[in-house]
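Biologist: I am new to reading protein models. Could you walk me through one, feature by feature?

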Amino acid sequence: MNREQLDELIRSAQGKLEEKRLADGSWRGSLSSSAISTAVATYALFLIDREKYETQVRRGAEWLLSTMKWDGSWGDSEESPSNMTATLLAYAALYGLEQDPPKARDYLKQRFGGFSSQKIIQGVLDYYGKDLTFSVPILVMCALTGVITKWNKIPSLPFEASVLPQGLFRFLRLPVVSYAIPALIAVGILRYRKGKKGIFSWLREGFVAPSLRVLTRLQPAHGGFLEAAPLTAFVAMCLCGAGFREHEVTRKAAYFLETTVRKDGSWAIDTDLSSWVTFLSVKAFGGDLPGRELLAKQIRSWAFKERHPFTGAQPGGWGWTSLQGAVPDADDTSGALVALHLLSDGTYCDEVGAGIEWLLALRNKDGGMPTFCKGWGKLPFDRSSPDISAHAFLAFQLWESSLPEGLRQRCAKGKKELLSWLSRNQATDGSWTPLWFGDQDASDERSPIYGTSIAVEYLLASGDIQALEMAHKGIRFILIAQNDDGGWGGQRGIRSKVTLTSRALAALASLQETDQKVEEAIGKGLDYLFVRHQKRNLYQREPIGLYFARLWYSEELYNATFLLNALRKIRMKEIKS
């Protein structure tokens with residue numbers, strides 16, 4: 001690729017992002033419509049009030065039927081391959097509405113090796129394993145719609161635990177992840193009400209009202225738990241099934257679902273990722289944006305100022321959206337700190353100090369960084385992860401020298417512990433496997449290219465010898481994993497994608513010294529991207545994001561933000577050389 005072609009790609013990515021920038025200087029993006037969200041939301045509204053929500057229910061069913069694949073299946077998004085979860089939930093919703101397609105039943109029958117209640121229950125539980133965050137809500141919805149007829153075979157959830165202090169949750173080994181307490185309560189109450197009553201039933205019944213009071217406190221004013229249609233809809237339908245159709249939580253959940261439905265009758269997996277895509281966009285532009293001071297002020301205002309009622313998180317973190325249903329997490333908090341450093345040229349402020357403090361307090365005992373809660377449980381999304389740990393390392397690296405003395409020392413210690421964790425968890429081939437991003441084309445759905453590229457790019461921002469040694473091992477993995485067409489998939493031999501190619505190129509371009517193999521790999525990667533540009537499919541949606549219990553989504557701004565970040569680094573590398 002020549003310099004003119006590189007500049008053409010840069011102008012294309014910049015133009016795409018400038019076109020999507022809002023009047024207030026931020027970005028909102030757009031998540032893909034979801035068969036899972038649409039199925040669950042549609043049936044929840046049907047149970048809440050079939051007459052009032054007749055239009056939304058009818059259009060939701062129409063969208064599901066119109067997006068069904070030829071074999072009767074659905075994927076998480078329209079760009080996703082078929083899977084059991086999306087197909088089962090879509091079928092269940094349509095079955096409950098008496099519109100179930102025979103092809104979908106045949107697909108599921110083949111998938112489960114039969115279509116009895118026991119086959120379905122066992123198939124779902126086997127797929128999700130010990131994590132009941134999503135498996136039990138799926139099974140409960142199937143039971144509410146009549147697809148499953150045996151309630152007693154569905155696992156119970158200990159809704160009573162919700163009345164205990166949040167600080168104890170991490171010691172209880174609950175079967176759901178830290179941010180699924182609303183599902184624990186609503187699904188647990190319904191499952192208890194539908195189950196056989198024993199001699200201690202009176203005791204469990206006594207916890208129903210207190211648990212519902214907890215659920216009421218956890219619900220945002222607009223009704224949407226985590227800004228997520230599936231979680232909100234599961235809660236609402238379970239409350240309806242348990243006899244709480246008129247409860248405040250149910251009514252507010254219905255309002256959220258009513259106001260977030262799209263014009264085509266579908267729902268996305270979440271309202272938006274406005275904060276996250278804003279942080280990505282700022283980084284892609286290198287902070288070189290008009291109105292940067294106002295944007296920095298806005299980002300500072302998105303930080304949580306009070307203890308979060310949902311997870312009990314202390315003030316100081318950022319969530320994935322500026323909307324009220326968000327929860328602070330480590331990846332977005334690191335993203336906000338990186339964006340603020342770029343926009344303010346490293347000028348310290350109170351929000352930065354609070355953000356650093358928040359990340360330091362969140363670290364697990366193993367030295368790594370979890371997503372939401374420290375040491376809350378043994379389920380995957382509460383464990384330390386390499387992509388999030390590397391992101392926190394970058395935030396610490398950028399701000400360390402500007403921090404007050406005491407905080408600076410703690411930050412330096414935190415960096416060392418993160419490096420130690422990353423070193424222990426680097427695979428022998430030099431790779432790291434991320435938590436929140438994967439590749440649907442891979443048989444194991446994993447994307448070590450994403451995790452390794454993130455870690456390498458962020459580690460190379462440091463002059464630490466250990467960080468550089470790990471980064472060089474990661475670079476060797478990235479080079480070996482490049483496909484013959486010049487691009488990268490989640491793993492070697494998996495179909496190349498713009499998002500993952502951009503991530504790999506950003507990592508390689510972060511290497512300061514000249515390396516012939518790296519330069520050749522960058523050239524081949526750019527050629528792959530330019531061919532995509534010529535074919536006008538450079539910004540084609542690519543589902544690489546995983547949402548809580550193995551749900552996939554695509555976001556329209558991922559291609560452009562990842563691409564511009566890589567291209568800008570490559571241009572800077574050219575200038576320096």
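Modeller: Helix α19, residues 448-459, has twelve residues and spans 16 Å from its first C-alpha to its last, close to the 16 Å expected at 1.5 Å a residue. That expected span is 1.5 Å times one less than the number of residues. Helices here are DSSP runs of H or I with at least four residues, strands are runs of E with at least two, and both are numbered from the N terminus. Before we go on: this is a predicted model, where local features need pLDDT of at least 70, side-chain atom pairs count only at pLDDT 80 or more, and totals for chains, interfaces and linings use all residues. Residues are numbered from 1 along each chain as its sequence is written, and side-chain values use heavy atoms, leaving out hydrogens and water.

Biologist: How many of the residues of α19 are buried?

Modeller: Buried means under 20% relative accessible area, exposed means over 50%, and partly exposed lies in between, with a 1.4 Å probe and protein chains only. In α19, twelve of the twelve residues are buried, including Tyr450, Glu457 and Leu459.

Biologist: What covers the buried residues of α19?

Modeller: Look for contacts, meaning heavy atoms within 4.5 Å. The cover includes α13 (274-285), α17 (386-399), α18 (405-424), α20 (465-480), α21 (498-509) and α23 (558-576).

Biologist: And in a loop, is valine 327 buried or exposed?

Modeller: Valine 327 sits in the loop between α14 (292-301) and α15 (330-344). Its relative accessibility is 0%, so valine 327 counts as buried. Beyond its neighbours within four places in sequence, valine 327 is in contact with residues including Phe304, Trp318 and Phe372. Phenylalanine 304 and valine 327 are 23 residues apart in sequence, with 8.8 Å between their C-alpha atoms.

Biologist: Where is serine 32?

Modeller: Serine 32 lies in the loop between α1 (3-20) and β1 (33-34). Serine 32 counts as buried because its relative accessibility is 6%. Leaving aside neighbours within four places in sequence, its contacts include Glu79, Arg262 and Tyr553.

Biologist: Now the whole protein: what is its radius of gyration?

Modeller: The radius of gyration is taken over C-alpha atoms, and the globule rule is 2.2 Å times the number of residues to the power 0.38. With 577 residues, a compact globule would come near 25 Å, and the protein has 24 Å, which agrees. There are 23 helices and four strands, and 62% of the 577 residues are buried.
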